[in-house]
Amino acid sequence: MAIALLGFFTLITTFIIPIGLNGFDGAESFTFPWIATTEAIRIELGFIERISFLFLGLYINVSLASVILHWHVGLEQLKAVLPSIKFKKIDIKPFVLIGVFIVLALVVQLFFEEKTVGEIAKVWMMLLLPAQIAGLILLKLLSKRKEKLSK
């Protein structure tokens, strides 16, 4: 319960503080509103005048941890779904999957502009919540079906 409350508090502060300092229109115009918000906050510590130096390190660490976590979960899900690929009695499926993702990332980088990637990300974010809700409903239905079959 404590972790849930900490996560909720973190999400609320990351949403409310940039709006409080920059306003609705100001927070909307930034790609990373927290970075601009930390530039607006000043502390009197002599060698650290702006909070952005402290915050950027924390922000980079949290972002890196998030990326590692999501890539690991995605890789493990794909490994569980796809059949095994053996080469000299060694399972090379993880290396093939990572190679496919590397090639896809390079193709996207070469052929898509930043604006196009932003538009794709916007559509992805709009579809993410309904897809997660549908996935949870499907998971619940499948678990109920499994319970009925096991009885």
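The questions and answers below concern the pockets of this predicted model.

Residues are numbered from 1 along each chain as its sequence is written, and side-chain values use heavy atoms, with hydrogens and water left out. In this predicted model, local features need pLDDT of at least 70 and side-chain atom pairs count only at pLDDT 80 or more, whereas totals for chains, interfaces and linings use all residues.

User: How much space lies in the largest pocket?

Analyst: A pocket here is an open set of points on a 1 Å grid over the protein atoms alone, where a 1.4 Å probe fits, with protein on both sides within 12 Å along at least five of seven lines. A volume is the space filled by probe spheres set on the points, which are joined across faces, edges and corners. For the largest pocket this space is about 1200 Å³.

User: Which helix gives the most to the lining of the largest pocket?

Analyst: Lining residues have an atom within 4 Å of a point, and helices are DSSP runs (H or I, at least four residues) numbered from the N terminus. Helix H3 (52-81), helix H4 (93-111) and helix H5 (114-150) each supply at least two residues of this lining. With nine residues, the one that gives the most is H5.

User: Which residues that line the second largest pocket are the closest to its centre?

Analyst: The second largest pocket holds about 440 Å³ of space. Among the 16 residues that line this pocket, the closest to its centre are Thr 14, Trp 34, Phe 55, Tyr 59 and Val 62.
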